[in-house]
Amino acid sequence: MPENRVLIIDDDARICRIIKRVAGDLGIECLAIDNPELFEATNHDFKPNVIFMDLQMPKVDGVELLRKLAEQHSSTAIILVSGMDRSVIETTEELGKSFGLNMAGILKKPVDVDEISSMLLMQFEAVPSPRERKDTQITKEELAQAIERKELLVHYQPQVNLKSGKVVGFEALVRWQHPDHGLLFPDVFIPLAEQHEDLIGPLTFSVLDRIFEDEMLQGELTSDLAVSVNLSATMLSDLSLPDRVANLFNDHSVGTERLMLEVTESGAMQDPSLTMDILTRLRLKNIKLSLDDFGTGFSSMVQLYRLPFTEIKVDKSFVMVAMHNKEAAAIARITIELGHSLGLEVVAEGIEDQETQQWLKGIGCDIGQGYHISRPVAAEHFITWLQDYNKKNRSKTS
Ligand code: C2E
Ligand code: CA
Ligand code: CA
(Lines give C-alpha, C1' and ligand atoms only; values in the text may rest on other atoms or scores of the structure.)
(Ligands and ions follow the chains in the order given, each with its own letter.)
Protein backbone atom coordinates (compact mmCIF):
# COMPACT_ATOMS: atom_id res chain seq x y z
CA MET A 1 0.00 0.00 0.00
CA PRO A 2 1.46 3.44 -0.86
CA GLU A 3 2.42 5.64 2.08
CA ASN A 4 0.19 8.57 1.24
CA ARG A 5 -3.56 7.96 1.20
CA VAL A 6 -6.43 10.41 1.20
CA LEU A 7 -10.06 9.60 1.93
CA ILE A 8 -12.82 11.99 0.91
CA ILE A 9 -16.26 11.78 2.40
CA ASP A 10 -18.64 14.15 0.67
CA ASP A 11 -22.04 13.73 -0.99
CA ASP A 12 -21.06 16.36 -3.56
CA ALA A 13 -19.55 14.44 -6.48
CA ARG A 14 -17.95 17.55 -7.92
CA ILE A 15 -15.91 18.21 -4.77
CA CYS A 16 -14.80 14.57 -4.70
CA ARG A 17 -13.66 14.85 -8.31
CA ILE A 18 -11.65 18.02 -7.74
CA ILE A 19 -9.82 16.74 -4.66
CA LYS A 20 -9.18 13.41 -6.39
CA ARG A 21 -7.66 15.16 -9.37
CA VAL A 22 -5.37 17.36 -7.26
CA ALA A 23 -4.26 14.37 -5.14
CA GLY A 24 -3.70 12.29 -8.29
CA ASP A 25 -1.47 15.01 -9.76
CA LEU A 26 0.63 14.84 -6.59
CA GLY A 27 0.89 11.04 -6.82
CA ILE A 28 -1.28 10.52 -3.75
CA GLU A 29 -3.70 7.61 -3.65
CA CYS A 30 -7.22 8.83 -3.14
CA LEU A 31 -10.60 7.28 -2.42
CA ALA A 32 -13.91 9.12 -2.36
CA ILE A 33 -17.18 7.98 -0.80
CA ASP A 34 -20.49 9.77 -0.76
CA ASN A 35 -22.34 7.60 1.71
CA PRO A 36 -21.50 8.27 5.36
CA GLU A 37 -22.76 4.81 6.28
CA LEU A 38 -19.77 3.35 4.47
CA PHE A 39 -17.37 5.65 6.28
CA GLU A 40 -16.34 3.46 9.21
CA ALA A 41 -15.61 0.35 7.17
CA THR A 42 -13.81 2.25 4.42
CA ASN A 43 -11.74 4.17 6.93
CA HIS A 44 -10.79 0.94 8.66
CA ASP A 45 -9.70 -0.85 5.46
CA PHE A 46 -8.13 2.02 3.55
CA LYS A 47 -6.25 3.53 6.53
CA PRO A 48 -5.95 7.05 5.12
CA ASN A 49 -3.38 9.56 6.42
CA VAL A 50 -5.70 12.43 5.59
CA ILE A 51 -9.49 12.66 5.56
CA PHE A 52 -11.38 15.43 3.76
CA MET A 53 -14.72 15.53 5.55
CA ASP A 54 -17.86 17.32 4.48
CA LEU A 55 -19.79 18.69 7.43
CA GLN A 56 -23.29 18.36 6.06
CA MET A 57 -24.41 15.12 4.49
CA PRO A 58 -27.78 13.44 4.29
CA LYS A 59 -28.53 11.43 7.46
CA VAL A 60 -25.15 11.89 9.15
CA ASP A 61 -23.36 15.11 9.94
CA GLY A 62 -19.67 15.82 10.38
CA VAL A 63 -19.82 16.03 14.16
CA GLU A 64 -21.11 12.47 14.37
CA LEU A 65 -18.25 11.26 12.19
CA LEU A 66 -15.77 13.16 14.33
CA ARG A 67 -17.16 11.52 17.43
CA LYS A 68 -16.78 8.08 15.82
CA LEU A 69 -13.16 8.83 14.92
CA ALA A 70 -12.52 10.01 18.47
CA GLU A 71 -13.91 6.76 19.86
CA GLN A 72 -11.34 4.92 17.72
CA HIS A 73 -8.56 7.24 18.98
CA SER A 74 -7.84 8.16 15.39
CA SER A 75 -4.72 10.22 14.72
CA THR A 76 -5.50 10.74 11.01
CA ALA A 77 -5.27 14.36 9.86
CA ILE A 78 -8.79 15.70 9.30
CA ILE A 79 -9.62 18.57 6.97
CA LEU A 80 -13.15 19.92 7.24
CA VAL A 81 -14.84 20.86 3.98
CA SER A 82 -17.91 23.06 4.08
CA GLY A 83 -19.78 25.92 2.52
CA MET A 84 -21.12 27.07 5.88
CA ASP A 85 -20.07 30.22 7.75
CA ARG A 86 -16.44 30.14 8.75
CA SER A 87 -17.44 30.52 12.41
CA VAL A 88 -19.49 27.30 12.27
CA ILE A 89 -16.64 25.37 10.65
CA GLU A 90 -14.16 26.77 13.16
CA THR A 91 -16.39 25.78 16.07
CA THR A 92 -16.57 22.26 14.66
CA GLU A 93 -12.79 22.25 14.34
CA GLU A 94 -12.44 23.29 18.00
CA LEU A 95 -14.85 20.53 18.96
CA GLY A 96 -12.72 18.01 17.04
CA LYS A 97 -9.63 19.24 18.88
CA SER A 98 -11.41 18.86 22.20
CA PHE A 99 -12.10 15.24 21.20
CA GLY A 100 -8.31 14.85 20.84
CA LEU A 101 -8.46 14.56 17.04
CA ASN A 102 -5.78 15.75 14.67
CA MET A 103 -7.66 18.65 13.07
CA ALA A 104 -5.50 19.74 10.13
CA GLY A 105 -7.40 22.58 8.53
CA ILE A 106 -10.49 23.96 6.86
CA LEU A 107 -11.38 23.93 3.19
CA LYS A 108 -14.10 26.42 2.41
CA LYS A 109 -16.49 25.69 -0.47
CA PRO A 110 -16.27 26.67 -3.29
CA VAL A 111 -12.96 24.89 -3.07
CA ASP A 112 -9.73 26.28 -4.44
CA VAL A 113 -7.43 23.90 -6.30
CA ASP A 114 -4.21 25.60 -5.10
CA GLU A 115 -5.41 25.47 -1.52
CA ILE A 116 -6.11 21.74 -1.73
CA SER A 117 -2.72 21.16 -3.23
CA SER A 118 -0.85 23.15 -0.56
CA MET A 119 -2.84 21.43 2.20
CA LEU A 120 -1.87 18.04 0.84
CA LEU A 121 1.76 19.00 0.42
CA MET A 122 1.85 20.22 3.99
CA GLN A 123 0.32 17.00 5.31
CA PHE A 124 2.79 14.80 3.48
CA GLU A 125 5.90 16.76 4.38
CA ALA A 126 8.67 14.71 5.93
CA VAL A 127 8.85 16.76 9.14
CA PRO A 128 7.25 15.23 12.20
CA SER A 129 4.10 17.05 13.20
CA PRO A 130 3.81 18.53 16.70
CA ARG A 131 1.34 15.77 17.41
CA GLU A 132 4.01 13.13 16.85
CA ARG A 133 6.29 15.06 19.15
CA LYS A 134 3.52 15.06 21.69
CA ASP A 135 3.40 11.29 21.52
CA THR A 136 6.88 11.03 23.08
CA GLN A 137 6.32 9.20 26.37
CA ILE A 138 8.22 10.55 29.33
CA THR A 139 8.32 9.22 32.87
CA LYS A 140 8.56 11.19 36.07
CA GLU A 141 11.94 9.62 36.89
CA GLU A 142 13.37 10.54 33.48
CA LEU A 143 12.31 14.15 33.87
CA ALA A 144 13.67 14.34 37.43
CA GLN A 145 16.98 13.00 36.18
CA ALA A 146 17.01 15.44 33.25
CA ILE A 147 16.59 18.38 35.62
CA GLU A 148 19.44 17.10 37.78
CA ARG A 149 21.68 16.49 34.77
CA LYS A 150 20.94 19.97 33.49
CA GLU A 151 19.43 18.75 30.22
CA LEU A 152 16.87 21.55 30.33
CA LEU A 153 17.73 24.51 28.14
CA VAL A 154 16.05 27.83 27.64
CA HIS A 155 15.20 29.48 24.35
CA TYR A 156 14.52 33.20 24.26
CA GLN A 157 11.92 35.08 22.25
CA PRO A 158 12.08 38.87 22.03
CA GLN A 159 9.32 41.27 22.97
CA VAL A 160 9.22 44.54 21.11
CA ASN A 161 7.61 47.88 21.94
CA LEU A 162 5.33 48.24 18.93
CA LYS A 163 5.45 52.03 18.84
CA SER A 164 9.21 52.60 19.15
CA GLY A 165 10.28 49.27 17.66
CA LYS A 166 12.67 48.81 20.61
CA VAL A 167 13.25 45.39 22.16
CA VAL A 168 12.06 45.68 25.75
CA GLY A 169 12.43 42.12 26.98
CA PHE A 170 12.26 38.45 26.14
CA GLU A 171 10.33 35.39 27.20
CA ALA A 172 12.25 32.38 28.49
CA LEU A 173 10.82 29.14 27.09
CA VAL A 174 12.08 25.83 28.38
CA ARG A 175 13.36 23.04 26.09
CA TRP A 176 14.70 19.60 26.91
CA GLN A 177 17.75 18.37 25.05
CA HIS A 178 16.85 14.69 25.35
CA PRO A 179 19.70 12.22 24.69
CA ASP A 180 17.45 9.92 22.58
CA HIS A 181 14.49 12.00 21.44
CA GLY A 182 16.35 15.20 20.50
CA LEU A 183 14.99 18.61 21.37
CA LEU A 184 11.66 18.30 23.18
CA PHE A 185 9.13 21.10 23.51
CA PRO A 186 7.38 22.00 26.76
CA ASP A 187 4.01 20.52 25.75
CA VAL A 188 5.67 17.09 26.04
CA PHE A 189 6.87 17.44 29.63
CA ILE A 190 5.31 20.47 31.39
CA PRO A 191 1.95 18.74 31.98
CA LEU A 192 3.80 15.83 33.63
CA ALA A 193 5.89 18.21 35.73
CA GLU A 194 2.77 20.03 36.86
CA GLN A 195 1.35 16.82 38.28
CA HIS A 196 4.24 16.52 40.71
CA GLU A 197 5.14 19.29 43.13
CA ASP A 198 8.64 17.84 43.51
CA LEU A 199 9.19 18.26 39.74
CA ILE A 200 7.65 21.61 38.84
CA GLY A 201 9.54 23.50 41.57
CA PRO A 202 12.99 22.22 40.53
CA LEU A 203 12.06 22.68 36.84
CA THR A 204 11.09 26.32 37.38
CA PHE A 205 14.27 27.04 39.31
CA SER A 206 16.40 25.27 36.76
CA VAL A 207 14.94 27.66 34.15
CA LEU A 208 15.74 30.65 36.38
CA ASP A 209 19.27 29.33 37.03
CA ARG A 210 19.79 28.80 33.32
CA ILE A 211 18.94 32.43 32.60
CA PHE A 212 21.83 33.48 34.84
CA GLU A 213 24.14 30.78 33.44
CA ASP A 214 23.34 32.05 29.94
CA GLU A 215 24.15 35.50 31.32
CA MET A 216 20.96 36.77 29.80
CA LEU A 217 20.53 39.51 32.39
CA GLN A 218 24.15 40.54 32.71
CA GLY A 219 25.60 41.23 29.28
CA GLU A 220 25.76 44.81 28.06
CA LEU A 221 23.19 44.15 25.34
CA THR A 222 20.62 42.64 27.66
CA SER A 223 21.29 44.74 30.75
CA ASP A 224 18.15 46.83 30.44
CA LEU A 225 15.81 44.13 29.20
CA ALA A 226 13.19 42.32 31.26
CA VAL A 227 12.88 38.55 31.30
CA SER A 228 9.48 36.85 31.36
CA VAL A 229 9.35 33.43 32.97
CA ASN A 230 6.37 31.08 32.95
CA LEU A 231 5.11 30.10 36.35
CA SER A 232 2.87 27.08 36.69
CA ALA A 233 -0.28 27.57 38.70
CA THR A 234 0.81 24.76 41.01
CA MET A 235 3.70 26.95 42.17
CA LEU A 236 1.21 29.44 43.54
CA SER A 237 0.65 27.38 46.66
CA ASP A 238 4.29 27.53 47.76
CA LEU A 239 4.57 30.33 50.31
CA SER A 240 8.37 30.35 50.12
CA LEU A 241 8.30 31.23 46.41
CA PRO A 242 8.58 35.06 46.66
CA ASP A 243 11.62 34.88 48.96
CA ARG A 244 13.36 32.17 46.97
CA VAL A 245 12.99 34.04 43.70
CA ALA A 246 14.03 37.37 45.19
CA ASN A 247 17.07 35.78 46.88
CA LEU A 248 18.19 34.25 43.61
CA PHE A 249 18.14 37.67 41.93
CA ASN A 250 19.93 39.27 44.90
CA ASP A 251 22.62 36.57 44.77
CA HIS A 252 23.29 37.54 41.16
CA SER A 253 23.07 41.27 41.89
CA VAL A 254 20.23 41.70 39.42
CA GLY A 255 17.22 43.82 40.36
CA THR A 256 13.95 41.93 40.78
CA GLU A 257 12.18 44.57 38.66
CA ARG A 258 13.82 42.89 35.67
CA LEU A 259 11.66 39.79 36.20
CA MET A 260 8.13 39.29 34.93
CA LEU A 261 6.35 36.11 36.02
CA GLU A 262 3.66 34.88 33.61
CA VAL A 263 0.73 33.04 35.13
CA THR A 264 -2.12 31.65 33.07
CA GLU A 265 -5.63 32.74 33.68
CA SER A 266 -6.88 29.34 34.80
CA GLY A 267 -3.89 29.07 37.08
CA ALA A 268 -4.56 32.26 38.90
CA MET A 269 -7.82 31.06 40.36
CA GLN A 270 -7.22 27.76 42.09
CA ASP A 271 -6.97 28.84 45.70
CA PRO A 272 -7.86 32.54 45.63
CA SER A 273 -6.57 33.61 49.05
CA LEU A 274 -3.28 31.69 48.85
CA THR A 275 -2.74 32.91 45.29
CA MET A 276 -3.48 36.47 46.33
CA ASP A 277 -0.99 36.19 49.22
CA ILE A 278 1.84 34.92 47.01
CA LEU A 279 1.17 37.25 44.09
CA THR A 280 0.98 40.27 46.38
CA ARG A 281 4.30 39.39 48.02
CA LEU A 282 5.93 38.93 44.64
CA ARG A 283 4.75 42.43 43.72
CA LEU A 284 6.04 43.83 47.02
CA LYS A 285 9.43 42.49 45.99
CA ASN A 286 9.10 44.46 42.73
CA ILE A 287 8.61 41.36 40.59
CA LYS A 288 6.12 42.06 37.79
CA LEU A 289 3.18 39.81 37.00
CA SER A 290 1.64 38.99 33.68
CA LEU A 291 -1.68 37.26 33.06
CA ASP A 292 -0.86 34.84 30.25
CA ASP A 293 -3.17 33.35 27.60
CA PHE A 294 -5.81 35.98 28.30
CA GLY A 295 -9.17 35.19 26.76
CA THR A 296 -8.92 31.41 27.01
CA GLY A 297 -10.16 31.08 30.60
CA PHE A 298 -13.43 31.93 32.21
CA SER A 299 -12.95 34.32 35.08
CA SER A 300 -10.94 36.93 33.28
CA MET A 301 -12.59 40.12 34.45
CA VAL A 302 -12.67 39.25 38.14
CA GLN A 303 -9.08 38.01 38.07
CA LEU A 304 -7.83 41.17 36.50
CA TYR A 305 -9.56 43.44 38.86
CA ARG A 306 -8.69 41.59 42.06
CA LEU A 307 -5.16 40.36 41.49
CA PRO A 308 -2.07 42.56 41.27
CA PHE A 309 -1.15 41.97 37.62
CA THR A 310 0.92 44.52 35.74
CA GLU A 311 0.47 43.12 32.25
CA ILE A 312 -1.87 40.94 30.22
CA LYS A 313 -1.02 38.83 27.20
CA VAL A 314 -3.62 38.46 24.50
CA ASP A 315 -3.61 34.76 23.72
CA LYS A 316 -1.89 33.82 20.49
CA SER A 317 -4.93 31.91 19.26
CA PHE A 318 -6.65 35.28 18.67
CA VAL A 319 -3.62 37.14 17.36
CA MET A 320 -2.55 34.47 14.87
CA VAL A 321 -5.86 34.57 12.98
CA ALA A 322 -6.93 38.17 13.62
CA MET A 323 -6.42 39.21 9.99
CA HIS A 324 -8.96 36.76 8.64
CA ASN A 325 -11.27 36.17 11.56
CA LYS A 326 -13.53 39.02 12.67
CA GLU A 327 -14.37 37.47 16.03
CA ALA A 328 -10.72 36.87 16.96
CA ALA A 329 -9.84 40.43 15.95
CA ALA A 330 -12.69 41.77 18.09
CA ILE A 331 -11.46 39.80 21.13
CA ALA A 332 -7.90 41.04 20.65
CA ARG A 333 -9.13 44.60 20.35
CA ILE A 334 -11.35 44.58 23.46
CA THR A 335 -8.60 42.88 25.47
CA ILE A 336 -6.26 45.73 24.60
CA GLU A 337 -8.90 48.28 25.60
CA LEU A 338 -9.71 46.42 28.80
CA GLY A 339 -6.04 46.18 29.74
CA HIS A 340 -5.50 49.87 29.16
CA SER A 341 -8.56 50.94 31.10
CA LEU A 342 -7.23 48.92 34.05
CA GLY A 343 -3.84 50.61 33.71
CA LEU A 344 -2.05 47.48 32.46
CA GLU A 345 0.44 46.99 29.66
CA VAL A 346 -0.81 44.72 26.91
CA VAL A 347 1.33 42.19 25.05
CA ALA A 348 0.14 40.42 21.92
CA GLU A 349 1.87 37.12 21.24
CA GLY A 350 1.60 34.99 18.14
CA ILE A 351 2.36 37.77 15.63
CA GLU A 352 3.16 35.87 12.46
CA ASP A 353 3.17 38.62 9.82
CA GLN A 354 3.78 42.31 9.24
CA GLU A 355 0.12 43.03 8.60
CA THR A 356 -0.88 41.79 12.06
CA GLN A 357 1.96 43.71 13.68
CA GLN A 358 0.89 46.96 11.97
CA TRP A 359 -2.72 46.39 12.90
CA LEU A 360 -1.85 45.80 16.58
CA LYS A 361 0.32 48.90 16.64
CA GLY A 362 -2.54 50.87 15.08
CA ILE A 363 -5.03 49.82 17.75
CA GLY A 364 -2.61 50.77 20.52
CA CYS A 365 -1.21 47.42 21.66
CA ASP A 366 1.97 48.10 23.67
CA ILE A 367 4.21 45.09 23.10
CA GLY A 368 4.47 42.44 20.41
CA GLN A 369 5.93 38.95 20.35
CA GLY A 370 5.83 36.29 17.65
CA TYR A 371 7.52 34.37 14.86
CA HIS A 372 7.38 37.45 12.62
CA ILE A 373 9.75 39.23 14.99
CA SER A 374 11.76 36.14 15.93
CA ARG A 375 11.21 32.52 16.87
CA PRO A 376 12.45 31.51 20.33
CA VAL A 377 16.18 30.75 19.93
CA ALA A 378 19.18 29.72 22.03
CA ALA A 379 21.03 32.46 23.97
CA GLU A 380 23.90 32.90 21.51
CA HIS A 381 21.52 33.26 18.56
CA PHE A 382 19.37 35.65 20.54
CA ILE A 383 22.37 37.91 21.20
CA THR A 384 23.33 37.95 17.51
CA TRP A 385 19.74 38.63 16.52
CA LEU A 386 19.56 41.46 19.06
CA GLN A 387 22.72 43.12 17.72
CA ASP A 388 21.43 43.01 14.16
CA TYR A 389 17.98 44.16 15.15
CA ASN A 390 19.24 47.11 17.21
CA LYS A 391 21.48 48.21 14.35
CA LYS A 392 18.60 48.11 11.86
CA ASN A 393 16.15 49.76 14.24
CA ARG A 394 18.62 52.57 15.03
CA SER A 395 19.13 53.37 11.37
CA LYS A 396 15.36 53.27 10.81
CA THR A 397 14.55 55.70 13.63
CA SER A 398 17.47 58.12 13.11
P1 C2E B 1 3.16 30.26 26.32
O2 C2E B 1 3.60 30.78 27.65
O3 C2E B 1 1.86 30.76 25.81
O4 C2E B 1 4.36 30.59 25.34
C5 C2E B 1 4.20 31.00 24.02
C6 C2E B 1 4.28 29.84 23.07
O7 C2E B 1 3.94 30.30 21.79
C8 C2E B 1 5.70 29.27 22.94
O9 C2E B 1 5.58 27.87 22.68
C10 C2E B 1 6.21 30.00 21.71
O11 C2E B 1 7.24 29.30 21.04
C12 C2E B 1 4.96 30.04 20.88
N13 C2E B 1 4.96 31.14 19.92
C14 C2E B 1 5.57 32.34 20.03
N15 C2E B 1 5.32 33.11 18.95
C16 C2E B 1 4.54 32.39 18.14
C17 C2E B 1 3.96 32.64 16.85
O18 C2E B 1 4.11 33.68 16.23
N19 C2E B 1 3.20 31.64 16.32
C20 C2E B 1 3.01 30.46 16.95
N21 C2E B 1 2.27 29.54 16.35
N22 C2E B 1 3.54 30.18 18.17
C23 C2E B 1 4.30 31.15 18.75
P24 C2E B 1 6.47 26.82 23.46
O25 C2E B 1 7.85 27.33 23.65
O26 C2E B 1 6.28 25.51 22.78
O27 C2E B 1 5.81 26.78 24.89
C28 C2E B 1 4.54 26.24 25.08
C29 C2E B 1 4.05 26.49 26.48
O30 C2E B 1 4.80 25.77 27.44
C31 C2E B 1 4.15 27.95 26.92
O32 C2E B 1 3.10 28.66 26.36
C33 C2E B 1 4.09 27.81 28.42
O34 C2E B 1 2.75 27.69 28.84
C35 C2E B 1 4.78 26.48 28.65
N36 C2E B 1 6.16 26.74 29.10
C37 C2E B 1 7.26 27.07 28.38
N38 C2E B 1 8.33 27.22 29.19
C39 C2E B 1 7.90 27.00 30.45
C40 C2E B 1 8.53 27.02 31.74
O41 C2E B 1 9.73 27.31 31.91
N42 C2E B 1 7.75 26.72 32.82
C43 C2E B 1 6.43 26.44 32.68
N44 C2E B 1 5.75 26.16 33.79
N45 C2E B 1 5.80 26.42 31.51
C46 C2E B 1 6.53 26.69 30.40
CA1 CA C 1 4.02 32.59 28.54
CA1 CA D 1 0.70 32.59 26.19
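Good morning. I shall begin with the metal site: in this model, the calcium ion (ligand 2) is coordinated by Glu 171 (OE), Asn 230 (OD1), Glu 262 (OE) and Asp 292 (OD), at 2.1 to 2.4 Å. Please bear in mind throughout that the model is predicted.

Along the chain, the donors of this calcium ion (ligand 2) are spaced as E-x58-N-x31-E-x29-D. The site joins distant parts of the chain: Glu 171 belongs to strand β7 (residues 167–178), Asp 292 belongs to strand β11 (residues 288–294), and the two are 121 residues apart.

What does Asp 292 bridge? Asp 292 bridges the calcium ion (ligand 2) and the calcium ion (ligand 3), and these ions lie 4.1 Å apart.

I turn now to ligand 1. It is surrounded by 22 residues, and the closest are Arg 175, Asn 230, Ser 232, Glu 352 and Tyr 371.

Several polar approaches to ligand 1 can be described. The side chain of Arg 175 places an N or O atom 2.8 Å from an oxygen atom of ligand 1. For Glu 171, a polar side-chain atom lies 3.3 Å from an oxygen atom of the ligand. Tyr 371 takes part through its backbone, with an N or O atom 2.8 Å from an oxygen atom of ligand 1. On its own, ligand 1 has 800 Å² of accessible area, and the protein covers 86% of that.

Which element gives the most to the shell around ligand 1? That element is β7, with four residues. At least two shell residues come from each of β7, α8 (186–194) and β11. Sorted by class, the shell comprises ten nonpolar, five polar and seven charged residues.

Twelve of the 17 residues are buried, so α9 is largely enclosed by the rest of the structure. Among the buried residues of α9 are Leu 199, Leu 203, Phe 205, Arg 210 and Phe 212. After α9 comes Glu 215, which has a positive phi, near 55°.

Thank you for your attention.

Terms used. Residues numbered from 1 in each chain as written. Chains lettered and ligands numbered in written order. Predicted model: local features only at pLDDT ≥ 70, side-chain atom pairs only at ≥ 80, totals over all residues. Heavy atoms only, no water. Donors = N, O, S within 2.8 Å, 3.2 Å for Na, K, Ca; no water. Near = heavy atom within 4 Å. Polar contact = N/O pair within 3.5 Å; in protein donor to acceptor, adjacent residues only side chain to side chain. Areas by Shrake-Rupley, 256 points an atom, 1.4 Å probe, with all protein chains shown as cover. Nonpolar A, V, L, I, M, F, W, Y, C, P; charged D, E, K, R; others polar. Buried < 20%, exposed > 50% of the residue type's maximum accessible area, 1.4 Å probe, protein only.
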